Amino acid sequence: MPERQLSNKILEKLPTMVAFIDEKRRYRYINKAYCQFLNLKKADILGRFVSDVLDDELYARMKLRHDKVFESGKVSSFSEAVTFRDGRKCFLDIRYIPELDESKKMVGLYAVMEDVTEYYASVDLMRTIHDIIHKRGRRIDPVSIDELLKFGVEYLDVDIGTASSIIDGVYTIEWIQTAKLEFDAGTQLPLDTTYCSVVLKENELVHTNEADKDERFKNHKSFLTYGLQSYIGTPLVINDVVWGVLGFARKTARREAFSELEIEMVRMMGTAVETVIAEQAVRHDLIRQRDDMALIAYTDSLTGLKNRSAGMQMLEQGLASHYKDSCCVVAVIDFDHFKSINDTYGHDIGDRVLIAGANAMNDSLRGSDTVIRVGGEEFMIILPHTDKENASTVLERVREAVETTVVTLESGDVINPTVSIGATASETNDDVSSIYRRADQALYKAKHAGRNCIVWSDNAAS
């Protein structure tokens, strides 16, 4: 039959698996690709029943499909997870094409099959990796890296998985999953004793299943130190700079070398880890910027003290902690004759005086006290959880510290600033406005009392 022989020659060249099955479910023809897929010779298959090759459960399902094609005489296409008697599993796209004789009687069918195992496996891998990274919602969590490593260790059948940073030549294990090797997150190792150093040298994904025979590893300090036979690792690159390495290793050789799918999986996981690390870096930068902005927003640019906005918030908090035997004391402070200093020496010298006086006040306070620049030459001190007697001692120390401050000018002139202080203690119903107003009224009295002194408010009169 020249036509059939020609068809078979064509089929032999196809990468697609093709088999012809007669009405008794026996193999009558198989092409080269089918033999290679089953890892059998034609003589081992031809004439045998399909049930001899497939397991019982699968054959029962396939027989129903065979029967349907034999009954209808129509083409049937489907996908099927296939388990062979040797235990091997795969996923096939299958198409059954009926074969008719001259009398239009069906005498068999062609089974045309594509092995799509790796395709479906890669889809499952991508879905798993995506789910691990994103299962906490939109927020990417560093815990995801631990879960990725755990998945990788199990999937690759290895002993250890690590995501390690390499910064200024220092190798640090940042994340780790292992049940058989004794390493912890935070462990630092000499870089030249790690398998990661080989990855850095190659600057690409590296894998081996027999390190003792691999020229890159067999005489390398990493293998001589740890003796790991199987290894696969890929660089982690953040903003075009190598941040570290994602690596998986096993003490003994795996049964099979790393497959193309496993290699691609490690690449995908490396990209996922890079995404998490980069997102964390962005988040840390945003937090730092937010903190820097908050610091700027609440800091006086001249003296470095807290400014009015911060001071009023702190005063509100201090009033909230008013107790029967412990109150909040507020002092409003003003530099004496400051306008004349500015007029005589200029605003630059005036700024120097304010800075020197602010430092003197700040150095005189207790750890719990705070000095704030309200504006211009006016300052405020908050003394929480205290009483009038202790507060008086602190404020007198402040007054004396400013009085003894010396600002020497290039001309040889010397300025000794002084301050007037108005103070008041909090009452149960005080708010920020009421307590600050009393302290300010006391400051007014201190100015009229000769300056360079402390005057306490008469709470009953206010």
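Start by selecting C35, which counts as buried because its relative accessibility is 9%; buried means under 20% relative accessible area, exposed over 50%, and partly exposed in between (1.4 Å probe, protein chains only). Next pick C453, another buried residue, with a relative accessible area of 18%. How many disulfides does the structure hold? The count is zero, a disulfide being a pair of cysteine sulfur atoms within 2.5 Å.

A word on what you are looking at: this is a predicted model, in which local features need pLDDT of at least 70 and side-chain atom pairs count only at pLDDT 80 or more, while totals for chains, interfaces and linings use all residues. Residues are numbered from 1 along each chain as its sequence is written, and side-chain values use heavy atoms, with hydrogens and water left out.

Now select residues 338–345, helix α11, and show the side chains of F338, I341 and N342, which are buried. Helices (H or I, at least four residues) and strands (E, at least two) are DSSP runs, numbered from the N terminus. Look down the axis of α11: its buried residues fall within an arc of 95°, so they line one face of the helix. That arc is taken from the directions from the helix axis to the C-beta atoms.

What do the buried residues of α11 pack against? Select β13 (327–335), α12 (347–364) and β17 (414–415) to see these partners, with contact meaning heavy atoms within 4.5 Å.

From β13, widen the view to the open, mixed sheet of six strands, in the order β12-β14-β15-β13-β18-β19; two strands pair if DSSP finds at least two bridges between them. At the edges, β12 (306–307) and β19 (454–456) each have a single partner strand, so one side of each is left without a neighbour in the sheet. Zoom in on β13 and β15 (residues 378–386), which run antiparallel and are joined by seven bridges. Here V329 stands opposite L383 in β15.

**Zooming out**

To finish, show everything as a cartoon: the protein has 14 helices and 19 strands. Of its 462 residues, 45% count as buried.
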